Amino acid sequence: MLFDLCPKIVLKISPAVIHRLHSGTVSMMKVWGAHGEFCAKHQWEVIVATLALLACAASVERHGTGVRSEHCAGWARACPGLEAEYQAADAVIMTFVRCAALLYAYYQVSNLQKIASKYLLIIAGVFSTFASFIFTSALASLFWSELASIKDAPFLFLLVADVARGARMAKAGWSAGEDQGKRVGKALSLLGPTATLDTLLAVLLVGVGGLSGVPRLEHMCTFACLALLVDYSVFVTFYPACLSLVSDFASGRKEMRPDSPFAESDLKPNPVVQRVKMIMAAGLLCVHLTSRLPWAKENGMIEGSLSKDFKSTSDENVLFNSYVKWFSVSADYIVIATLLCALIIKFIFFEEQRNWVIDMNDLTVKEVTNKYDKPKFIVGEEFKAEICTQTDDLLNWEETEWPVLSPSSSAAKLNAKKRPMAECLEIYRSEGVCTSLSDDEVVMLVEQSHIPLHRLENVLNDPLRGVRLRRRVISARFETESAVKKLPYLNYDYSKVLNACCENVIGYVGIPVGYAGPLVVDGKAYMIPMATTEGALVASTNRGAKAIGTRGVTSVVEDVGMTRAPAVKLPNVVRAHECRQWLDNKDNYAIIKTAFDSTSRFARLQEVHVGVDGAILYLRFRATTGDAMGMNMVSKGAENALKLLKNYFPDMEVISLSGNYCSDKKAASINWVKGRGKRVICETTISATNLKNIFKTDAKTMTRCNKIKNLSGSALAGSIGGNNAHAANMVTAIFIATGQDPAQNVTSSNCSTSMEVCGENNEDLYVTCTMPSLEVGTVGGGTVLTGQGACLEILGVKGAAERPAENSARLASLICATVLAGELSLMAALVNSDLVKSHMRHNRSTINVQNASNELKVPTL
Ligand SMILES: CC(C)(COP(=O)([O-])OP(=O)([O-])OC[C@H]1O[C@@H](n2cnc3c(N)ncnc32)[C@H](O)[C@@H]1OP(=O)([O-])[O-])[C@@H](O)C(=O)NCCC(=O)NCCSC(=O)C[C@@](C)(O)CC(=O)[O-]
Ligand SMILES: NC(=O)C1=CN([C@@H]2O[C@H](COP(=O)(O)OP(=O)(O)OC[C@H]3O[C@@H](n4cnc5c(N)ncnc54)[C@H](OP(=O)(O)O)[C@@H]3O)[C@@H](O)[C@H]2O)C=CC1
């Protein structure tokens, strides 16, 4: 406690000294590390040896009173004073000391939650302190004859003990895992030197009180010094051993793991503070030497003042003194007991509030401490209700980063009293934003149609608050409160959503992301992230990747380009023909291209393909778009090109920027024939052995099924681009995981899967997948979102590469290769009649679907 008050002093020391200090520190740390490791690895020996020592001390206490008295006479010069009656002032001081001790202990225990969010660590810290107390009491009894002298020991101990030190050590120990001995050693190497210096300094500092000449103070300080030394010894021996033992027992139990990783920086002391402590220790050592050496005693500096106070109270005012004693002791105990009860009640019933305190300095929600406890809130009833909805998902909180609340979300504003409508409107109109209005006031303005509900994020200048208030409004408006509460909304970076990915946001849905792989594509192994709710899909793709094995998939990619085809109408077919001929001219095309290309740094027009229907022309602009999927870019370019074309054909009417000849998000053979986005073709050969061992089939069975199902079956169904088993499955799962536009799975899933027998004995299987219209990007759209960006990063294709379209082309080839893996696995399942079996295993929830209340009764035959 004393050291926390030390001012920060910057000392200037020469580099040579610093170097020497550094190497000294390193070797000292090594010794501490080895010692800690020794304690952790020889836990039983250390514990038994320490307990044996304790037993010896206890037995000396029981049987060796003489020894004790002897020590008392020599060591505690204040012993006679112990019989002295309490004085009123003394009682007040002692009450104050005890209260301070309790408060300090309480402060330490509550602060442990900052170190880690588990009660377990609090217990660890308290355990180390308690163990130290037991040892101290045992040792103290060797030197003290009067039991009365131990009366204040617990309070003194609370004042000097460092509970946090024990908890930090526990955190390091429990995060240790298999290499636990080493980690305890490492922790001790970091905490040990600080603990030593702290103890030395504290002993010297507290020891000064032993020179005060005030007998009671001397007595207490002596005990405190002893406590400090014992606490230190326990901390460096008994405690790491116990910790290691508990950790061994608990290994494998989830709850014993600390909820954030053990960071060495947590344990490293501040070098400046360390230096200050060393200097203070040196100074205090001088004080002790000059005060305690024989010449000091000879000067009578100490002797004179020692027992005066006690003697003065011996005979006079016996009645008064006994009254004071009675009164002071009672008051003392009443105060202490009241304080203790209050602290216990506060800790048990109200302490969780700390979990949600908003730090008004940086306005962040802080201290999510115990995921198993139901949280309590201090930031407004509505916020409380909203966050409470997330308690079902408490397990997720462990790794969450808490949303930053803007100044407008501060507790003060959330709880502010609602002002009249006119005043609020005046503020909103004059400021143009609602940042200084309370939640209730903003909702009031929304309800009175002064603020459009979809503009909340803008007027609040705070995306999270906007989403939260919108949920509140629509919950009330549509009476969907309980349903909306189940929709998660916290822990999401809405700043990336705003004006980019979604409007009217009320939350998000989580979709599980699995991975398939390793899938070797063009010689490199990939883990493919797939977001899906279709059980068995990832398993199937994974099996396909396994069968492909190290032979891998070979791919070729062509950047066809994105398309947009406006529909324009000319007055008659002749004018339409003239327009078409004009566009076919090279020079005219160059003019159009310049207009188109001027709208983007990356979009480059490749072709204008013209479709004709009477006097209507469909101008299919096709452009490469760098690493972006490019729909916005191409639309922008096409619009600009049309503007220019209108200069040459003023009688041209633009019917629609999109004339469905593009064609976007609709099944259309033009994309199947001419391609769109990226055209990818993948091939691989599966050995007969893998077919047999992994797919439990052979090449001939697979090719036969492929012909009948994927070719003839699809033709009979009149399918366009559907000569495949389930390409859309893999395409959509990767699209969702990597932030592609999910609706573009329509065109992107165009795929022709082809199989042939091959190899010397015609027992291997040659497979290709041809996908002519994969619309993908690694820049723009949903790729900017955090989770989606992470999936792109997993594939190593996030953002733009050096060469334009390099990343988007790689993503396209990975999707096609994954489709190939999934095609193979499903075909194998089908030929083996495994489909239903596997889906009953992986794809049917036992929680939701078994208890049907509206079962249709089928008559038994
Ligand atoms: C964007 C609007 C609605 C603006 O439309 P606007 O008329 O400029 O907007 P406004 O500010 O005048 O507001 C009118 C109303 O629109 C709504 N509104 C307005 N802004 C918002 C907002 N931020 N959040 C929520 N709602 C909004 C809202 O209802 C508002 O009324 P209020 O509530 O203010 O009284 C309009 O221009 C529009 O509908 N654009 C079309 C966008 C679209 O449909 N995109 C789909 C993707 S395109 C595609 O993927 C397929 C494609 C195109 O390729 C297929 C093909 O080939 O055809
Ligand atoms: N408008 C429409 O009709 C349709 C829109 N969409 C939606 O459009 C979005 C996708 O459009 P898209 O044009 O791909 O994305 P964006 O609208 O996000 O545009 C991409 C942006 O990234 C910039 N950029 C930076 N680096 C690169 C790079 N290396 N390569 C390419 N562009 C780069 C572009 O620059 P610059 O400004 O210089 O071009 C452009 O501003 C999706 O959200 C999708 O859902 C979907 C279908 C139709």
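The largest cavity holds about 50 Å³ of space. The model is predicted, with local features needing pLDDT of at least 70 and side-chain atom pairs pLDDT 80 or more, while totals for chains, interfaces and linings use all residues. Residues are numbered from 1 along each chain as its sequence is written, ligands are numbered from 1 in the order in which they are written, and side-chain values use heavy atoms without hydrogens and water.

**Exercise 1.** State which elements give two or more residues to the lining of the largest cavity.

*Solution.* A cavity is a set of points on a 1 Å grid over the protein atoms alone where a 1.4 Å probe fits but cannot get out, and lining residues have an atom within 4 Å of a point. The lining residues include Ser-128, Asp-162, Arg-165 and Phe-235.

**Exercise 2.** Describe the shell around ligand 1 and its contacts.

*Solution.* First, the residues near ligand 1 (a heavy atom within 4 Å) include Glu-503, Asn-504 and Asp-664. Next, the shell divides into no nonpolar, four polar and five charged residues. Then, oxygen atoms of ligand 1 lie 2.9 Å from a side-chain N or O atom of His-454, 2.9 Å from one of Arg-564 and 2.5 Å from a polar side-chain atom of Lys-665. Finally, the protein covers 28% of the 1,100 Å² of accessible area that ligand 1 has on its own (Shrake-Rupley method, 1.4 Å probe).

Methods:
Polar contact = N/O pair within 3.5 Å; in protein donor to acceptor, adjacent residues only side chain to side chain. Nonpolar A, V, L, I, M, F, W, Y, C, P; charged D, E, K, R; others polar. 1 Å grid on protein atoms, 1.4 Å probe; cavity = no way out; pocket = protein on both sides within 12 Å on 5 of 7 lines; lining within 4 Å. Points joined across faces, edges and corners; volume = space filled by probe spheres on them. Helix = DSSP H or I, 4+ residues; strand = E, 2+ residues; numbered from the N terminus.
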